[in-house]
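Here is a short briefing on one protein chain. Please read it alongside the model.

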Amino acid sequence: MNNIQMKNEIPDSNTDTVKLVFNVTFDDGTAIGDGTIVITRADWLNMTGKQKLDKIADVVSEKMLSTKVGG
């Protein structure tokens, strides 16, 4: 099973956003360390921990599927 761990939540009052810092380890041992996504402060305040992890999983999945190798 893939494993996502949220490492930190860093609010930025200047931009009214929050950075979610995370690590992902895939079933085969491949890992992404210190990944970051940015969400709005309003979304952050209304999300549970599970919803934050789900958001990270959704963004990682979307970006990984749209990645092209070699341009």
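Helix H2 has 17 residues (residues 49-65), which at 1.5 Å a residue should span 24 Å; its end C-alpha atoms are 24 Å apart, so the two values agree. The expected span is 1.5 Å times one less than the number of residues. Helices (H or I, at least four residues) and strands (E, at least two) are DSSP runs, numbered from the N terminus.

This is a predicted model: local features need pLDDT of at least 70, side-chain atom pairs count only at pLDDT 80 or more, and totals for chains, interfaces and linings use all residues. Residues are numbered from 1 along each chain as its sequence is written, and side-chain values use heavy atoms, with hydrogens and water left out.

- Lys52, Ile56 and Val60 are the buried residues of H2. They cover an arc of only 70 degrees around the axis, so they sit on the same side of H2. The arc is that of the directions from the helix axis to the C-beta atoms.
- An α-helix has 3.6 residues a turn, so residues three or four places apart point the same way.
- Buried means under 20% relative accessible area, exposed over 50%, and partly exposed in between (1.4 Å probe, protein chains only).
- The buried residues of H2 pack against strand S1 (3-12), strand S2 (17-25), strand S3 (31-40) and helix H1 (41-46). Contact means heavy atoms within 4.5 Å.
- Exposed residues Lys50, Asp58, Glu62 and Leu65 are carried by the face of H2 turned away from its buried side.

**Lys52**

- Lys52 belongs to helix H2. Its relative accessible area is 9%, so Lys52 is buried.
- Setting aside neighbours within four places in sequence, Lys52 is in contact with Met6, Glu9, Leu20, Trp44 and Met47.

**Positive phi values**

- Most residues other than glycine have a negative phi.
- Asp16 is not a glycine, yet has a positive phi of about 55 degrees. Asp16 is in the loop between S1 and S2. It is partly exposed, at 46% relative accessibility.
- Asp34 also has a positive phi of about 55 degrees and is not a glycine. Asp34 is placed in strand S3. Its relative accessibility is 48%, so Asp34 counts as partly exposed.

- Thr17 is in strand S2. At 19% relative accessibility, Thr17 counts as buried.
- The side chains of Thr17 and Thr15 are joined by a polar contact of 2.7 Å. A polar contact is a pair of N or O atoms within 3.5 Å; within protein, one must be able to donate a hydrogen and the other to accept it, and residues adjacent in sequence count only if both atoms are side-chain atoms.
- Not counting residues up to four places away in sequence, Thr17 touches Ile10, Pro11, Asp12, Val38, Ile39, Thr40 and Arg41.
- Thr40 is in strand S3. Thr40 is partly exposed, at 37% relative accessibility.
- With residues up to four places away in sequence left out, Thr40 touches Asp16 and Thr17. The Thr40 side chain reaches the backbone nitrogen of Asp43 at 3.0 Å.

**The whole chain**

- The chain has two helices and three strands. From the N terminus on, the elements run β-β-β-α-α.
- The C-alpha atoms fill a box of roughly 35 × 30 × 15 Å, taken along the principal axes.
- Of the 71 residues, 18% count as buried.
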